[in-house]
Amino acid sequence: MNLKLIISIAKSLLLARWKQTLVAAIGVTFSITMFITLLGFMTGLNDLLDGLILNRTPHIRLYNEIKPNKNQPVNLAAEYKNGYNFIQSVKSGNARQEIYNSESIMETLQKDSRIAGLSPKIISQIFFNNGTIDITGVVNGIDAVEESRLFHFNEYVTTGNAADISKVPNSIILGKGLAEKMLADIGDVVQLTTTKGERFPLKVVGYFQSGLQDFDKVQSFATIATVQKLMGKPASYITDIQVKLKDIQQAPAVAKEFANIFETDAEDIQTANAQFETGSFIRTLISYAVGITLLVVAGFGIYNILNMMIYEKMDSIAILKATGFAGKDVKRIFLAIAISIGFFGGLAGLLFGFGLSAFIDQIPFNTAALPTIKTYPINYNPVFYLIGAVFSLITTYFAGWFPSRKASKADPVIIIRGK
Amino acid sequence: MSEKILEAKNINKYFHDPVTVKVLTDINFSVNKGDFVAVTGKSGCGKSTLLYILSTMDTDYEGELLIDGETMRQKKEAQLARVRNEKIGFVFQFHYLLNEFNVLKNVMLPGLKLNKYPAKEVEHRAMEKLKMLGIEKLALKNAAQVSGGEKQRVAIARALINDPHIIMGDEPTGNLDKKNSEIVFDIFKQLAEEFQQTLLIVTHDQGFAEKTHRIIEMEDGRIIR
């Protein structure tokens, strides 16, 4: 019904009070700008912090935990089947950390369509001999190529090259903290002692810096073959299989399935890093809360300005009604005013928000803890822009709704009589 | 000439605030097509109140109001707005032009709202009305920039835009000087005599009333003549 007329009247009323309108629109623009920037920055930061752990963590890790056997012999014996057996002083069995049949497990996994990739790993405790003291550490035997492809290993090798461990025989990449403790430069040879007591010299080819200090003080990386040699194990010896899925959300279900099929322990990323999800969730929640608060405040601004405008325009409302505009039409006129403030203010807000995000994205941000980061992280997820746009329209609609209703209910007789 | 445009039957009206007071008692009268009627009476006798009831803007009354043979009692707010738009033209004591628009747009607004003709046609008709009232040169001026007498003439043009059955005036000359009052009166007279426009004008100006075709005089909420 005659929308064009209503919009043209709304436009004229708006332009007649363009300063007030501008103030209202700036309120919306400001809040949307901050909403976009805040969410972009917060999410960028979240992604960064999550990436710190989650990018490098396999979605599913297959391994053997050292733990007491669930099926104790007494429970298997037929004559004690009906009783409830109390067993005391149960010890962990002579479990091997090796994954049995690792080659055929990997072969099966390779064929699974849900899997993006996998990389085998050996984790072993060792001592670094540094003069008279021994420093406890962990050596990870990895496939440098796959590890880089799936878990961004190369990004964290700050000095040297990840691939060097496969090229240089008997070589090792040390955690930065560990290297500093031992004053080991690139090209130096460090002495390792295995838990079995055997000594090995390995050549340092790079430093590894994850951003987690404690991690960097104990970890070191070598090829699988090197670690197998260290431990005196055959070529099939693997302690971990790290799996990356195509869809991270499937991890818990798939982990359970693999644990059953392969008779190993399987840990999914959600269980292993629950605290990161919680942290991200809370931070996102706070950003949304602040953003929406800003919008609501802007909404009150619009409410005020519309209320004022309606008081000012009572005469006009009366005459519109007297000449045949129904209450509904008057309401639409003021709603159109509110929504156009929301629309244009919001649009400007989205642009400014993008601009401000892009600006923050250029600010240098160097910290020793985060070697791969050069500028402040920003996430440009279009969903934020969509939410911002929708919310600017919704808040202005509601901010306009009450004043508009008041205008629509205004009694022309009272206004005209009042003169 | 006996076609009834407007008919009031037993209209009673009370004000309830702060105490219930009866302001209109048993108003019975009708206006025929082409009538030029003045409603007069002293201040506070209820003549404006009556006009607002007749104009359908005030719905809080007892009795029956017929416009064009149709009862207004059961109509909803939007339907009454439609009746006002289509069948009634208003001229108030104070000009009540919308200052956000130019003179031409002010005249066009009720026509655009009626949506009977396309915008171009409404504009053409508005120009004709302005020409008829001799103010076509003001068409593109802002409503705030024209003088009081001219504003009232613009308001008359606006009242005419939808060819209403009846034009209602609430002290249309009350705020004008003698010269402008005469111009406005002459326009009304011309409308009544040349175009058979029905007019119902509330005024306390006896001189004005006496020049009309029919006078309804009110006192204390009743019609006495």
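Me: Which residues of helix 9 of chain A are buried?
Reply: The model is a predicted one. Helix 9 of chain A spans residues 224–231. A residue counts as buried if 20 or more other C-beta atoms lie within 10 Å of its own. In this helix the buried residues include A:Ile224, A:Thr226, A:Val227 and A:Leu230.

Me: Which strands of chain A are included in what covers the buried residues of helix 9?
Reply: The cover is described here by contacts, with C-beta atoms within 7 Å. It includes strand 2 (115–130), strand 3 (133–142), strand 6 (189–194), strand 7 (199–208) and strand 8 (219–223) of chain A.

Me: Which residue follows helix 9 of chain A, with a positive phi?
Reply: The phi in question is near 70°. The residue that follows helix 9 of chain A is A:Gly232.

Me: How many bridges join strand 2 of chain A to strand 3 of chain A?
Reply: These two strands form a hairpin with two residues between them, and A:Gly131 in the turn has a positive phi of about 65°. A:Lys121 has A:Ile142 in strand 3 as its bridge partner. The strands run antiparallel, and the number of bridges is 10.

Me: In which sense do strand 2 of chain A and strand 9 of chain A pair, parallel or antiparallel?
Reply: Strands of a sheet pair through backbone hydrogen bonds, either parallel or antiparallel. A:Ser119 has A:Gln242 in strand 9 of chain A as its bridge partner. Over six bridges, strand 2 and strand 9 (residues 240–245) of chain A pair in a sense that is antiparallel.

Me: What is the radius of gyration of chain A?
Reply: The domain assignment gives domain 1 (3–54 + 276–418) and domain 2 (60–77 + 93–270) of chain A. The centres of these two domains are separated by 52 Å, and the C-alpha atoms of the chain fill a box of roughly 105 × 65 × 40 Å along the principal axes. A compact globule of 419 residues would come near 22 Å, but the radius of gyration of chain A is 33 Å.

Me: Which are the edge strands of the open sheet of six strands in chain B?
Reply: The order of this sheet is 6-7-8-3-9-10, with mixed pairing. Within it, strand 3 (residues 36–41) and strand 8 (residues 198–202) of chain B pair in the parallel sense over four bridges, and B:Val37 has B:Leu200 as its bridge partner. An edge strand pairs on one side only, and those of chain B are strand 6 (88–91) and strand 10 (222–223).

Me: Which helix of chain B supplies the largest share of the side that touches chain A?
Reply: The contact takes 24 residues from chain B and 21 residues from chain A. Helix 1 (47–54), helix 2 (77–87) and helix 3 (103–114) of chain B each supply at least two residues of the chain B side. The largest share, six residues, comes from helix 2 of chain B.

Terms used: Residues are numbered from 1 along each chain as its sequence is written. Chains are lettered from A and ligands numbered from 1 in the order in which they are written. This is a predicted model: local features need pLDDT of at least 70, side-chain atom pairs count only at pLDDT 80 or more; totals for chains, interfaces and linings use all residues. Two residues are in contact if their C-beta atoms, placed from the backbone, lie within 7 Å. A residue is buried if 20 or more other C-beta atoms lie within 10 Å of its own, exposed if 12 or fewer, and partly exposed in between; C-beta atoms are placed from the backbone. The radius of gyration is taken over C-alpha atoms; the globule rule is 2.2 Å times the number of residues to the power 0.38. Domain bounds come from an automatic or database domain assignment. Two strands pair if DSSP finds at least two bridges between them.
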